Amino acid sequence: MELNQVLEKKEEISQYLTSLVGLHEKALSDVNSASQVTNIRKDITICLNDLCRVNDLLVSHDGLLKREIGSLFRDKQDLLDLNESERLLWKERESWHIEQEADTAQVDYVIDKNAIISISSHYRTPLNKYIESVGAENTTLSFRTDLDDRIEETQNTDSSADQMLSNYKLLQLSHRQAKSEITKLETLLRDFKKDDKFIEQELKRQSGRIRSEIGNIDFHLSKIEESKIQLMKKIGFESPLTQEKSLSEKLFNLRLSDTDENYIERVTINKKNFVHMKDLIELKIDDLKDQLTKNKNESSALVAQRDLWLDSQRRVGDLENELITKLRSSSNSKLSPSDMTSMIKSTIQYLNNLLDSSNEKLTTTLISNERDVLFKACEELNTQDTTTPQGNDNGTPSRPIDIRKHNKNSKANSSLRQPTQPPFLVASKSPPKIGISESIINTNKNGAISKKVD
């Protein structure tokens, strides 16, 4: 049985016992409810025994309270371990963070003299000589519309064949050198592009490995989160994180929006949850410790209450049995009020001694109810004894009538006849009810009924 169920059961028993105290008082004082007295007494005894057993179940060396306190201490340690593991995982995850650089961001080159490649432009030397020879205005560099006609005229009028051939050779030389250098540059460019492609492939591969490591960390974080959620449910803690749609969606959103703001917010929530959960567990431990101390203190009180109640019931039961025996005895069928009063007073004194030895409200109330009814019974018997005639016309002393006999000539006498069994035996009433309900009959010398006391 769980601790909460036992505590609820104990509360139910306590409330039922409280209601029985009122019923007990009413049944003892009300003749119509007298038949319920025995059952109520049994229920009170059962409740007191159950309270003792439940309390032992709570406070024993392996009782529910101690087990629950031990469980909460383990929960607290689990929480501390989970929080520490989570902190380390977040720290490791942060170390795997990749900074996304914008394409327009300025690139900081690391100058390595061994990696510097010199590019030559030897074709410019013959090209410049050619331009100087013919003049820039006589080349295609000029944007005039009549350029081609003017170049042809100038070359035909001003240049000799040798000069033109020299210029042509300069252009050929420049062209060969330019083609050679372009080929070299194109080869270098292809190498650059090949290297760049390799770099992109390696970037993707390394990025995948990094994200795989981050995913592995996220997986362990999700497991820790699941454990924390289970722990939250166990201790009854409501967290804002548990209100999200799902853990997978939470991790998916975390990966898509892996920003500093998201990270800070998540860490903040985790810290708050940790503090609140730790405080809640400590409060529960303190509360259970208080309950354990309280129940330990109650143990002796509950046992004392039960023992006092059982002792009082044994004594009241002895009184009932004694009265039954005397009333049934053929040789002692005549039982005077004074004899009954003496027997009841002895029981009252015993109950008073029990009351003096206890200050528990519940048992003192119950025993006082039993004692008060016995007091009333004594008062009734004393009143009856003092109102009985002390003499008659013939001087015959009065005496208690044989309650097994009745006047056959009187119809009224038949209604007052003593039952074959005492009423308290049939109705399960206590002895005080006997004194109140029995008819005490005194007769004169003619055998007529002089008085009846109910």
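Helices (H or I, at least four residues) and strands (E, at least two) are DSSP runs, numbered from the N terminus. By that count, the chain has 13 helices and 2 strands. This is a predicted model, in which local features need pLDDT of at least 70 and side-chain atom pairs count only at pLDDT 80 or more, while totals for chains, interfaces and linings use all residues. Residues are numbered from 1 along each chain as its sequence is written, and side-chain values use heavy atoms, with hydrogens and water left out.

**The chain overall**

- Of the 454 residues, 33% count as buried (under 20% relative accessible area; exposed is over 50% and partly exposed in between, with a 1.4 Å probe and protein chains only).
- Among contacts (heavy atoms within 4.5 Å) with a separation of 6 or more, 75% are between residues 24 or more positions apart.

**Nonpolar cores**

- A nonpolar core here is a set of buried Ala, Val, Leu, Ile, Met, Phe, Trp, Tyr and Cys residues joined through side-chain atoms within 4.5 Å.
- The largest one has 37 residues, and Ile44, Leu58, Ile235 and Met277 have the most contacts inside it.
- Two or more residues each come from helix 1 (3-29), helix 2 (37-59), helix 3, helix 6, helix 8 and helix 10 (361-386).
- Helix 2 gives the largest share of this core, 10 residues.
- Ile44 touches Leu17, Leu20, His24, Trp309 and Leu366, leaving out residues up to four places away in sequence.
- Apart from this core lies another, of 16 residues, including Leu323, Ile348, Leu351 and Leu381.

**Helix 3 against helix 6**

- Helix 3 (residues 64-95) packs on helix 6 (residues 161-235) at an angle of about 155 degrees, with the axes 10 Å apart. (Axes are lines fitted to C-alpha atoms, for helices over the stretch in contact, and angles run from 0 to 180 degrees between N-to-C directions.)
- That angle makes helix 3 roughly antiparallel to helix 6 (over 145 degrees; under 35 is roughly parallel, 65 to 115 roughly perpendicular and the rest oblique).
- The crossing of helix 3 with helix 6 is left-handed, meaning that the near helix is turned anticlockwise from the far one by less than a right angle.
- Residues of helix 3 in this contact include Leu72, Leu79, Leu82 and Trp90, and those of helix 6 include Ile217, Leu221, Ile224 and Leu231.
- By class, the contact of helix 3 with helix 6 has 11 nonpolar, 4 polar and 8 charged residues (Ala, Val, Leu, Ile, Met, Phe, Trp, Tyr, Cys and Pro count as nonpolar, Asp, Glu, Lys and Arg as charged, and the others, Gly among them, as polar).
- Asp81 is also in helix 3, and counts as partly exposed because its relative accessibility is 39%.
- From Asp81 to Ile224 is 143 residues in sequence and 9.8 Å in space, C-alpha to C-alpha.

**Helix 4 against helix 6**

- Helix 4 (residues 124-134) and helix 6 have axes that come within 8 Å and cross at roughly 150 degrees.
- That makes helix 4 roughly antiparallel to helix 6, and the crossing is left-handed.
- Among the residues making the contact are Pro126, Leu127 and Tyr130 of helix 4 and Leu170, Leu171 and Leu173 of helix 6.
- This contact of helix 4 with helix 6 has 7 nonpolar, 5 polar and 1 charged residues.

**A look at Arg315**

- Arg315 is in helix 8 (residues 260-328) and, at 22% relative accessibility, counts as partly exposed.
- Beyond its neighbours within four places in sequence, Arg315 is in contact with Ser346, Thr347 and Tyr350.
- The C-alpha atoms of Arg315 and Thr347 are separated by 6.7 Å, and the two residues are 32 apart along the chain.
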